[in-house]
Amino acid sequence: MEIIDMQRSLFSATYTVAMAFLLILAGCAAVPELPPPPPTLTPTQAVAQPRPTTVIVIQIPDVITADQEIAQGHYEAGVRLLTRASAAYPNEAEIGDKLAQAQIDWGKSLIRDADDKLVGYGQATDHFSSGMAVARSDELRDQIAGELAIAKSYVWIEATMAALGQALDEGEVGSELLEQSQTMVSEVDRLLQQRQGDPVVAALAGAAMLTSGQALLLNEDIDSALRAGQLCARAVELTGESEQTSDCISSADQRTKPTPTPRTPPTPSVARLKIPDMRGADVGRARDYLRNTVGFTSVEVLEVTDPAQIGGDVCRQGVLYTSPPKGSIVSANTKIVILYRGSTNAPGLNDCNAN
């Protein structure tokens, strides 16, 4: 009996130890080792970058249609299409430059077609500015900057001329406005250099120089008058002669050239001639000699039949004497009378041939 109890006690102890060992093993299996946490992604790593794509700009439908519209002068439609294409393809610099060029061409067409060039340049300024905002290439930006500067300069010159015109109507131009008018002349000279042969710029420059010259004439000093004459003469070269330019130049000349002192023209002198001794000469030859050789302008031939007037030798032939007599010094326009003997058969005369 004791042996059985011992066997039972040993089995119980062994069972207890085995169960304890199994529980330990089960406890260890219930708490597994955790894996390391995944790495934290940064935003740049989390957002996938788009792969660059190659776009053939000239094959974009809006670009194709825009080119066609612009070629026909439909700038508004062309700009609208290119603006839409630029928004769809913001990274395509070529579309931006196309849009900028369209704005340049649109602005130039407004200047060319406008009856009032001031309005045309004012509208063009807005389009040039819009083109500058979208242009990508440096070359195109430089071109737009030049056009924009010219347009703004034109508007400023027109505004200055308007102010000068109002001051001229009032008969007084202040020193500040007068100085501004000279700046205006320098500005139009610059435009003439940049746009040689442009009739619009030439017309603007001619008007500006005339207005500036008229303003200078309000001053009394000679230097202002000289400068005014030069400016108005240049206006004639640019735009042709007009009543205003003629008045300007004439007024400037009157102030800069001294007034000549009136002189009494001298009385023309008449030649003084001496009457030669013409006695006995043929009457016709004597007359021609006194006229053509001596220089008397008036020679008359008079026949003498009265013996009392003949006197002396009644048989003398040809010229008896002259009046005034020989040796007299008289003017060339004095009337010279040649007296000659008439017919020998006149009453109171003897026939010389009979003696």
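## Thr 256 and its surroundings

The side chain of Thr 256 has a polar atom 2.9 Å from the backbone oxygen of Ala 252, which is a polar contact (a pair of N or O atoms within 3.5 Å; within protein, one must be able to donate a hydrogen and the other to accept it, and residues adjacent in sequence count only if both atoms are side-chain atoms). This is a predicted model, in which local features need pLDDT of at least 70 and side-chain atom pairs count only at pLDDT 80 or more, while totals for chains, interfaces and linings use all residues. Residues are numbered from 1 along each chain as its sequence is written, and side-chain values use heavy atoms, with hydrogens and water left out.

You will find Thr 256 in helix 11 (residues 243-256). Helices (H or I, at least four residues) and strands (E, at least two) are DSSP runs, numbered from the N terminus. Is Thr 256 buried, partly exposed or exposed? With a relative accessibility of 24%, Thr 256 counts as partly exposed; buried means under 20% relative accessible area, exposed over 50%, and partly exposed in between (1.4 Å probe, protein chains only). Beyond the neighbours within four places in sequence, Thr 256 is in contact with Ile 222, Ala 225 and Leu 226, where contact means heavy atoms within 4.5 Å. Leu 226 is 30 residues from Thr 256 in sequence, yet their C-alpha atoms are 6.6 Å apart in space.

## The chain as a whole

If you take the contacts between residues at least 6 apart in sequence, 62% of them join residues at least 24 apart.

## Helix 3 and its two sides

Which residues of helix 3 are buried? In this helix (residues 61-71), they are Asp 62, Val 63, Ala 66 and Ile 70. These residues lie on the same side of helix 3, because they cover an arc of only 95° around the axis; the arc is that of the directions from the helix axis to the C-beta atoms. The buried residues pack against helix 4 (75-88) and helix 5 (93-113). On the other side of helix 3, Pro 61 and Ala 71 are exposed, and Pro 61 has a relative accessible area of 59%. Pro 61 and Leu 81 are 20 residues apart in sequence, with their C-alpha atoms 9.3 Å apart in space. After helix 3 comes Gly 73, which has a positive phi near 85°.

Helix 3 and helix 4 have axes 8 Å apart and pack at an angle of about 160°. Axes are lines fitted to C-alpha atoms, for helices over the stretch in contact, and angles run from 0 to 180 degrees between N-to-C directions. That angle makes helix 3 roughly antiparallel to helix 4; under 35 degrees counts as roughly parallel, over 145 as roughly antiparallel, 65 to 115 as roughly perpendicular and the rest as oblique. Residues making this contact include Val 63 and Ile 70 of helix 3, and Leu 81 and Leu 82 of helix 4.

## Helix 9 and its partners

Helix 9 (residues 199-216) meets helix 8, with axes that come within 9 Å and cross at roughly 155°. The two helices are therefore roughly antiparallel to each other. Among the residues in this contact are Met 184 and Val 188 of helix 8, and Ala 205 and Met 209 of helix 9.

Helix 9 also meets helix 7 (residues 138-170), and here the axes come within 10 Å and cross at roughly 30°. That makes helix 7 roughly parallel to helix 9. Met 161 of helix 7 and Leu 204 of helix 9 are among the residues making this contact.

Met 161 is buried, with a relative accessible area of 12%. Not counting residues up to four places away in sequence, Met 161 touches Met 184, Leu 204, Ala 207, Ala 208 and Thr 211. The C-alpha atoms of Met 161 and Leu 204 are separated by 9.8 Å, although the two are 43 residues apart along the chain.

Glu 187 has its place in helix 8 (residues 175-194). With which side chain does the side chain of Glu 187 make a polar contact? The partner is Ser 153, at 2.6 Å. Leaving aside neighbours within four places in sequence, Glu 187 is in contact with Ser 153, Trp 156 and Ile 157.
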